[in-house]
Amino acid sequence: WGLQYAIGYFHNFFDNTLEASVEVFYKDLYNQLDYSENYTQTPDTDVEDQFIAGKGRAYGLELFLRKQKGRFTGWLAYTLPRSERTFDGIKGGAYPTGFDRTHDLSLVLSYDIFEWFTVSSTFILGSGAPYTPIKSVYLVNFAPTLEYGLRNAARLPLYHRLDLSLSFRLTKKNRPFESDLVISVYNIYDRKNVFFTYTAPETDALSGEVALNSYQVSLFPIIPSITLNFKWKQPEKGYYKEQRAQRQARRANY
């Protein structure tokens, strides 16, 4: 469980065309659980006995700016957060959690080139996720044994990507339903963002040497897609009455 404190300021500019806000937050966390320092996953180990309890905290700054009127709209959001845990049984003192991101930025832009045609883009930039690095490796009964460094003391490479989309409206505004065709490209410049790493030791029993081969795993390369959307909307007041009057007028001309 935890207690969160936050304070912020919000303001609109230029007849509500621009919206801006700034907020700082702090959260105290108690009775947090994590694996003990010497935990090793084996078939005869009870996982529930390998947890230890501690406390944590999360704090940071959030900035937000949005333009919500006109043909050109969008928003920019930036967060400078920290998320830490402290356990008496884990060396190194406070360490970042898997949710910790030193920098987190999102930029979304949209431009209505025509009434029926919109171009949009989304750019995301963030610090890589923390992970626990390997400190050394040695042989025990010809089996490689890994020794890890401080918990979550290293980070994956910087994460960033750009998405683009083209939206074509297929129906007129005065219809009771809307439909549009969206052509989009995820990760348009095919950034190989690293989601996790793993290490595979190779042992030479004759020489007693162990080599560590580290591999980075990337997911979601450039992905194009086409989407057809349908959405029913609530007709404006008097819509059905107006349609009925138009039908009656057409019949009167027959």
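Colleague: Is Asn 31 buried or exposed?

Modeller: Happy to start there, keeping in mind that this is a predicted model. Asn 31 is found in strand β2. Exposed means over 50% relative accessible area. Asn 31 has 57%, so it counts as exposed.

Colleague: And what is the phi of Asn 31?

Modeller: Good one to ask. Most residues other than glycine have a negative phi. Asn 31 is not a glycine, yet its phi is positive, at about 55°.

Colleague: Where is Phe 14 found?

Modeller: Phe 14 is another residue that is not a glycine but has a positive phi, of about 50°. Its relative accessibility is 65%, so Phe 14 counts as exposed. As for its place in the chain, Phe 14 is found in the loop between β1 (2–13) and β2 (18–35).

Colleague: Which strand gives the largest share of the nonpolar patch?

Modeller: Let's look at the members. The patch on the surface is formed by Phe 195, Phe 196, Tyr 198, Tyr 215, Leu 219, Phe 220 and Ile 223, with about 640 Å² of accessible area together. Three residues come from the strand with the largest share, residues 194–204, and that is β14.

Colleague: How does Phe 195 count, by its relative accessibility?

Modeller: Phe 195 is found in strand β14. Partly exposed lies between the buried limit of 20% and the exposed limit of 50%. Phe 195 has 35% relative accessibility, so it counts as partly exposed.

Key: Residues numbered from 1 in each chain as written. Predicted model: local features only at pLDDT ≥ 70, side-chain atom pairs only at ≥ 80, totals over all residues. Heavy atoms only, no water. Patch = residues over 30% accessible without salt bridge, like charges linked within 9 Å, V, L, I, M, F, W, Y side chains within 5 Å. Areas by Shrake-Rupley, 256 points an atom, 1.4 Å probe, with all protein chains shown as cover. Salt bridge = Lys/Arg side-chain N within 4 Å of Asp/Glu carboxyl O. Helix = DSSP H or I, 4+ residues; strand = E, 2+ residues; numbered from the N terminus. Buried < 20%, exposed > 50% of the residue type's maximum accessible area, 1.4 Å probe, protein only.
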